[in-house]
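Reader: Could you walk me through this one, please? I'd like to start with how the strands pair.

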Amino acid sequence: MKIPIKKDSTIMLSPDNVAKLIVNALDSKNARDIKLLRTTEVTTLADYFVICTANSTTHLKTLTDEVEKILEENGEVPRRREGDRAGGWVLMDYACVVVHLFLEDIRSFYTLERLWSDAEDVELGLGSEAT
């Protein structure tokens, strides 16, 4: 199930729509355990954090490429990109949304959901959430 995006081509995308585009892109490429955390009340770093797990380094690259492609098509480019697939994690900073892509063992090590447990966990209603 896709989260609907409302886009007016005359205005910049809202943080909500950037987050939705990212979640939809990750879901379309079978990212596992996608989490969307609304962080506006707990930090000034971003309005949302998106966290997900990749099955392999190749899958991690696929997820990264898909997010970049979809957002570029919508006029958004990352301010910064850190990490690499060989290291098992990638961070993509879109100012209002920070994307954290991990291999399973690296995600378990960093436990960002615990670190940011004060943030609101946004219900996604995606088919891949059960995996």
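This is a predicted model: local features need pLDDT of at least 70, side-chain atom pairs count only at pLDDT 80 or more; totals for chains, interfaces and linings use all residues.

Reader: Which way do β4 and β5 run relative to each other, parallel or antiparallel?

Author: Strand β4, residues 89–93, pairs with β5 in the antiparallel sense, and five bridges connect the two.

Reader: And how many residues sit between the strands in that hairpin?

Author: The hairpin of β4 and β5 has three residues between its strands, and there Ala 95 takes a positive phi near 70 degrees.

Reader: What about β2 and β5, how many bridges join those?

Author: Seven bridges join β2 to β5, and these two strands run parallel.

Reader: Is β5 enclosed or open, and why?

Author: β5 is largely enclosed by the rest of the structure, because seven of its seven residues are buried, where buried means under 20% relative accessible area. Val 97, Val 99, Leu 101 and Leu 103 point one way from the strand, while Val 98, His 100 and Phe 102 point the other way, and all of them are buried. In a regular strand, side chains alternate between the two faces of the sheet.

Reader: Switching to the helices, how many residues of α1 are buried?

Author: Ten of the 14 residues in α1 are buried, so the helix is mostly covered. Among them are Val 18, Leu 21, Ile 22 and Leu 26, together with Asn 17, Asn 24 and Asp 27.

Reader: What covers them?

Author: The cover for the buried residues of α1 includes β1 (32–38), β2 (48–54), α2 (57–73) and β5 (97–103).

Reader: Why does the end-to-end distance of α1 agree with its length?

Author: Helix α1 covers residues 15–28, and at 1.5 Å a residue its 14 residues should span 20 Å; the end C-alpha atoms are 20 Å apart, which agrees. Just after α1, Asn 30 takes a positive phi of about 65 degrees.

Reader: Zooming out, what pattern does the protein follow along the sequence?

Author: Read along the sequence, the pattern is α-β-β-α-β-β-β-α-α-β, which comes to four helices and six strands.

Reader: And which share of the residues is buried, and what do the contacts and the surface look like overall?

Author: Buried residues make up 44% of the 131 residues. Of the contacts between residues at least 6 apart in sequence, 59% join residues at least 24 apart. The protein exposes about 7,200 Å², of which carbon and sulfur atoms supply 50%.

Notes. Residues are numbered from 1 along each chain as its sequence is written. Side-chain values use heavy atoms; hydrogens and water are left out. The expected span of a helix is 1.5 Å times one less than its number of residues. Buried means under 20% relative accessible area, exposed over 50%, partly exposed in between (1.4 Å probe, protein chains only). Contact means heavy atoms within 4.5 Å. Two strands pair if DSSP finds at least two bridges between them. Accessible areas come from the Shrake-Rupley method with a 1.4 Å probe; for residues, only the protein chains shown count as cover.
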